[in-house]
Amino acid sequence: MNIIRRPRRNRQSGAIRDMVQETRLSVTDFILPVFIMEGTNVRSEVASMPGIHRLSLDLLLEEIQECVDLGIKTFDLFPNLPESKKDKYATESYNPDGMYLQAIRAIKDRFPEVMVMTDVAMDPYSSDGHDGIVENGKILNDPTLEVLGKMALAQAQAGANIVGPSDMMDGRVGYIRQVLDEGGFHDVAIMSYSAKYASAFYGPFRDALDSAPKFGDKKTYQMNPANSREALIEAQLDFAEGADFLMVKPALAYLDIIKLLNENFHLPIAAYNVSGEYAMIKAAAQKGWLDGDRAMMEVLLSIKRAGASVILTYFAKEAARLL
C-alpha cells in the first residue's frame, strides 16, 4: 500500500512529539487566585475546592513565598468578609484600614517584584450579594460605577498592579480608566472581565467568599451562555474604553469564546479556569475516575490552545510543580 502522507511518523517517539508540539504551557502563563480572611494563623479549607484555603494575611504571605519559589509571579486577591463589614454600598471596599487594602500593601511591601491583581466588584462587600447597587430589586448600573471607581482607586493607592472589573456593569472600564488616570495611576492596568457568563460553575467560589446573591440571580448583568456574538460587543466596548487585557470567564465551556476574542482583538486574552471547573476535576480524581494531574494539564493546555495567553487558575501551584 502506497500511503504518501503518514502523520504517525511525527508521533513515533517522545523526542519527535516534543519537537513538533504546537502549544506549550509555562508557569509564566498563570495567575493564582487567592482568598484572604481576617485573623491570624487562620487556614480554612473551602469544602467544595479540595486543597484551596482561605488564609489570614500572615499565612497568605507564606503561601505567596512558596508560589514565588515555583515561578508564579501574579496573584489575584479575593476577600472573605464577615457580614458585619458588608453594607448596601460596599463602603468597606475602599476603607484604607480594611483587611483587603492592608493585604495589598503588605504583599507589595514584602514582594515588590510580584504582580498583585485585584477584584473590582461589589459582591464581596455588599449586604445584597450583588455586583451592583440594588434598588427595588433592580441592579442600578450608573450609580454602581462610582463605587467601582472608588474601589479601583483605593486598590491602586495600596499598590495594585492590575485591577480586574468583574461586575459586568456597562461603561465601567472607561469610568475606572478615567478615575485611575485622574489619580495619576496611568501604569495600573485593567484586566476586564469582558465576557463573563451567568454560569453554574461559580458555586464553589461563592462558598469561598460567602458572596452568593441574597435574592434572584445575576442574569441581568452576566452574559447568557447561549450567546457568542454578544461577547464581541462586550469586548469591543472594553477595548475602546481602554482595557489592557480581555478576559473570558469561565474557560472550559467557553473555549470558542476565547478563540473568538483572540482572533478579533490584538490584546492579551485571559481566561478564568473557575472554581467549578477545578472542583469537577478534583472530585473525579478523588473518586479515582480520572488521573487528576493529566486532566489538569490537558485542561490548561486546551485553554492556551484556544488562544488565552493568561490563565487564572486554582491549579497554578500544582501545575507549576509539574512544569
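Biologist: What should I know before I start?

Modeller: This is a predicted model: local features need pLDDT of at least 70, side-chain atom pairs count only at pLDDT 80 or more, and totals for chains, interfaces and linings use all residues. Residues are numbered from 1 along each chain as its sequence is written, and side-chain values use heavy atoms, with hydrogens and water left out.

Biologist: How do I read a pocket, and what volume has the largest pocket?

Modeller: Take a 1 Å grid over the protein atoms alone; a pocket is an open set of points where a 1.4 Å probe fits, with protein on both sides within 12 Å along at least five of seven lines. Points join across faces, edges and corners, and the volume is the space filled by probe spheres set on them. Here the largest pocket has about 270 Å³.

Biologist: Which residues line the largest pocket?

Modeller: Lining residues have an atom within 4 Å of a point. There are 16, and Gly-51, Ile-52, His-53, Glu-63 and Lys-317 lie nearest the centre. Strand S1 (30-37) gives the largest share, four residues. Strands (E, at least two residues) and helices (H or I, at least four) are DSSP runs, numbered from the N terminus.

Biologist: How many lining residues of the largest pocket are charged?

Modeller: Asp, Glu, Lys and Arg count as charged; Ala, Val, Leu, Ile, Met, Phe, Trp, Tyr, Cys and Pro as nonpolar; the others, Gly among them, as polar. The lining has five charged, nine nonpolar and two polar residues.

Biologist: Now Ser-56: is it buried or exposed?

Modeller: Buried means under 20% relative accessible area, exposed over 50%, partly exposed in between (1.4 Å probe, protein chains only). Ser-56 is buried, because its relative accessible area is 0%. It sits in the loop between S3 and helix H2 (57-69).

Biologist: What lies 2.9 Å from a polar atom of the Ser-56 side chain?

Modeller: The backbone nitrogen of Val-42. Contact means heavy atoms within 4.5 Å. Ser-56 touches Val-42, and also Met-37, Glu-38, Gly-39, Thr-40 and Asn-41, not counting residues up to four places away in sequence.

Biologist: Last, helix H4: what does it reach from its first C-alpha to its last?

Modeller: The expected span is 1.5 Å times one less than the number of residues. H4 (residues 141-158) has 18 residues and reaches 26 Å, close to the 26 Å expected. Its buried residues include Leu-145, Leu-148 and Met-151. Just after H4, Gly-159 takes a positive phi of about 120 degrees.

Notes
Polar contact = N/O pair within 3.5 Å; in protein donor to acceptor, adjacent residues only side chain to side chain.
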